Amino acid sequence: MSDEDFRRHAMASSNLHALRLALLHSTGDPELAKMKLDLVPIRSGAAFEMTIAEDDREDLFRKAEAFVDGVGASYTPRELDETELRDMMELALGQELTDAEFAVARTMPAVDDFPLFAEWSDNRPERADEFSVVIIGAGLCGIAMGVQLEQLGISYVIYERRPDVGGTWAINTYPDARVDTASTTYEYSFVKNHPWTEQFARQPEVRSYLEMVAKNYGVFENIRFEHEVQAAEFDERSSSWALRVSDADGIAWDLTSNFVVTATGLFSTPKKLVAEGIEGFAGEIIHTTEWTDGHSAKGKSVAIIGNGSTGVQILARIADDADQVHVFQRTPQWIAPREGYGEAVTPEMRWILDNIPHYWNWARTTALKPNNPRDTIQPDPEWQAAGGIFSKSNDRLRENLTQYIRSQVDNRADLVEKLVPDYTPAARRPIVDNEWYRSLTRDNVELVTDGIEKFTEDGIVTVDGTLRKVDLTLTAVGFEVTKWLWPIDFRGVGGVHIEERWNKEGGPRAYLGLAIPEFPNLFVLYGPNAQPATGGGIGVGGLPAWMESWVGYIARVIVAVIEDGCDSAEVTDEAFWEFNNAIDEEASKLIWLDPKANPERNYYVNEHGRLGTSTPMSGLELATRLLHLNRADYTFSVAAQHYSSAVDPDEDESDDLETVA
């Protein structure tokens with residue numbers, strides 16, 4: 001293939017809408033803005049994406065080639081004024097934007113260096129030298145918090161109980177562990193055009209990415225590995241937190257810090273499989289988080305218990321090695337294909353990203369589809385009265401996913417009957433197919449839908465009395481998603497225990513998923529009701545971008561405390577309950593609590609019957625709240641005894657009291 005042919009093929013296989021926007025950004029050519037758009041269906045079924053109409057494509061390619069041949073490598077990035085950026089965002093999303101919508105949407109292409117982070121109102125105040133922050137956990141959230149504090153010049157330390165960075169991406173090393181959203185949206189917005197090798201990056205590459213970010217942005221040197229925070233108690237006299245930390249040798253000591261930010265993650269505490277006779281099983285039982293390079297399924301009879309995201313990812317690779325695999329399915333899942341999943345970033349994709357300025361910015365923007373997810377997650381009474389099941393969009397998704405299941409298992413009636421769920425699609429965490437359905441048709445794979453009665457010494461007995469002999473049991477049964485801070489002993493104002501408070505409130509709750517009354521200067525990253533459950537539309541981007549918006553909000557509170565001459569900030573009961581009552585009311589209208597969605601077997605819904613992990617709030621509303629601190633939502637206070645960065649000479653030195661440097 002000639003260079004010209006390669007270049008034309010690269011352009012033709014790119015996101016044409018993003019290509020047009022990138023060229024418009026670079027050149028300001030008004031003819032690009034006039035090109036017509038078509039909507040084409042995407043592979044997952046019920047959604048569409050925008051692309052350039054066929055009549056305009058040749059002009060688009062011609063303009064792209066002329067730009068590369070002309071300006072090419074000598075191009076100096078063209079900055080957009082706010083009017084130009086707004087026009088481009090409206091073009092990108094296919095809709096006019098209100099001022100409020102644009103304030104959020106302008107962050108999506110990440111044209112600014114740190115589009116979601118907080119800044120000082122003016123110059124950094126000298127008083128900032130007196131403050132410190134403890135971050136617990138060095139995963140995606142913890143690293144983002146560290147980068148934000150680096151930008152502000154606020155002292156911090158990260159305590160990480162493991163020997164490496166990455167959080168869930170360091171723990172989960174099972175075969176084929178990877179992201180289930182496109183790599184270009186599973187990245188921080190302040191790291192531009194990272195050279196991913198796969199369209200959906202695997203675990204080693206994601207973990208390496210996080211280590212690179214930590215090192216390049218000055219965070220790595222502030223991480224204390226194999227250090228675990230055991231307890232934290234708020235000292236009302238100094239408006240600071242007293243923490244107990246232990247190291248790898250089990251030696252514990254006490255320290256103080258003005259602020260504590262927990263970044264322990266939603267998926268940090270694996271669920272333990274409970275079954276009769278499990279202690280007497282002679283084979284090996286490991287949770288997927290315990291898989292290491294030393295484990296192997298080669299020549300073994302393997303049981304995989306669970307068919308969530310992890311179970312679906314792991315099956316095909318285990319089946320490649322094992323003599324026999326028994327897949328134990330309690331509840332069937334709606335599992336969807338994803339365009340480019342398991343595929344490399346092609347040379348053509350890499351060429352477009354590296355040779356068309358701003359393509360990365362607009363590809364990440366247009367990847368957030370313009371479809372309204374509310375059509376899929378909100379019941380339609382009129383549609384149901386006319387004979388529909390849930391809503392037109394949701395029923396169409398059901399039909400498409402059902403047809404996908406049939407196609408993958410060769411329409412085998414015995415499998416289709418077991419695999420097609422009887423509950424509504426979109427009610428649970430989206431699961432991306434990794435040859436799971438196809439693997440069920442292999443001669444060495446059996447789908448088991450009978451419940452487990454007990455373990456024996458050499459296998460698993462199901463309720464129908466069948467014994468399946470097993471050498472290795474992999475438990476893909478998920479995580480204790482309601483234990484955000486466990487086992488750390490957190491005590492707030494007056495010694496109130498965090499778990500006791502939450503137990504009285506129908507499970508864990510937080511304001512914006514971040515702040516809790518009676519716990520001043522404490523913030524919970526990826527906390528209760530933090531993550532938007534509705535994709536698409538106007539927001540800030542993929543999950544790491546939401547994490548940036550969370551840490552940006554936390555930093556806005558910290559900045560307000562320091563700039564206002566205060567020592568602490570505590571979210572008010574009024575703001576806390578306004579948010580939580582709104583969350584509960586909105587959740588009651590949507591899919592997750594609907595009986596048709598099987599809520600009792602959905603980890604989004606906690607044991608109290610409440611939507612606990614995600615927020616039903618629109619991405620626009622949540623992002624608006626996070627990008628602009630409402631100071632009235634907090635009580636800002638001055639400590640009775642101002643916090644000092646030095647050890648109080650009146651304290652007994654035997655307490656080994658330290659401060660965070």
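Ala 426 lies in the loop between helix H16 (413–419) and strand E14 (431–432), where helices (H or I, at least four residues) and strands (E, at least two) are DSSP runs numbered from the N terminus. The structure is a predicted model, in which local features need pLDDT of at least 70 and side-chain atom pairs count only at pLDDT 80 or more, whereas totals for chains, interfaces and linings use all residues. Residues are numbered from 1 along each chain as its sequence is written, and side-chain values use heavy atoms, with hydrogens and water left out.

The phi angle of Ala 426 is near 75°, a positive value in a residue other than glycine. With a relative accessible area of 30%, Ala 426 is partly exposed; buried denotes under 20% relative accessible area, exposed over 50%, and partly exposed the range in between (1.4 Å probe, protein chains only). Asn 411, likewise not a glycine, has a positive phi of about 60°. Asn 411 is located in the loop between helix H15 (392–408) and H16, and its relative accessibility of 45% places it in the partly exposed class. A further backbone feature is the cis peptide bond between Trp 486 and Pro 487, for which omega is about 10°. Pro 487 belongs to the loop that connects strand E19 (472–475) with strand E20 (489–491).

An open sheet is formed by five strands in the order E5-E4-E3-E9-E21, with parallel pairing; two strands are taken to pair if DSSP finds at least two bridges between them. Strand E5 (223–225) and strand E21 (522–524) are the edge strands, each pairing on one side only. The twist from one strand to the next averages 20°, with axes fitted as lines to C-alpha atoms, for helices over the stretch in contact, and angles running from 0 to 180 degrees between N-to-C directions. Strand E4 (residues 155–160) is joined to E5 by three bridges, and the two run parallel. Within this pair, Ile 158 stands opposite Ile 223 of E5.

Helix H7 (residues 140–152) lies across strand E3 (132–136), E4 and strand E9 (259–262), and runs at about 165° to E3. H19 touches E3, E9 and E21, its direction making about 180° with that of E9. Contact here means heavy atoms within 4.5 Å.

The largest nonpolar core comprises 145 residues, and those with the most contacts inside it are Tyr 188, Phe 490, Tyr 511, Leu 525 and Trp 550. Such a core is a set of buried Ala, Val, Leu, Ile, Met, Phe, Trp, Tyr and Cys residues joined through side-chain atoms within 4.5 Å. Helix H19 (residues 543–563) supplies the largest share of this core, 13 residues. A second, separate core of 35 residues includes Ala 322, Trp 334, Val 409 and Trp 436. Beyond its neighbours within four places in sequence, Leu 525 contacts Cys 141, Met 145, Val 261, Thr 262, Ala 263, Leu 514, Trp 550, Val 551 and Ile 554.

Cys 141 counts as buried at 7% relative accessibility, as does Cys 566 at 10%. Zero disulfides (pairs of cysteine sulfur atoms within 2.5 Å) are found in a search of the whole structure. In helix H21 (residues 619–627), the buried residues include Gly 619, Leu 622, Ala 623 and Arg 625. Among the elements covering the buried residues of H21 are helix H6 (99–105), H19 and helix H20 (573–589).
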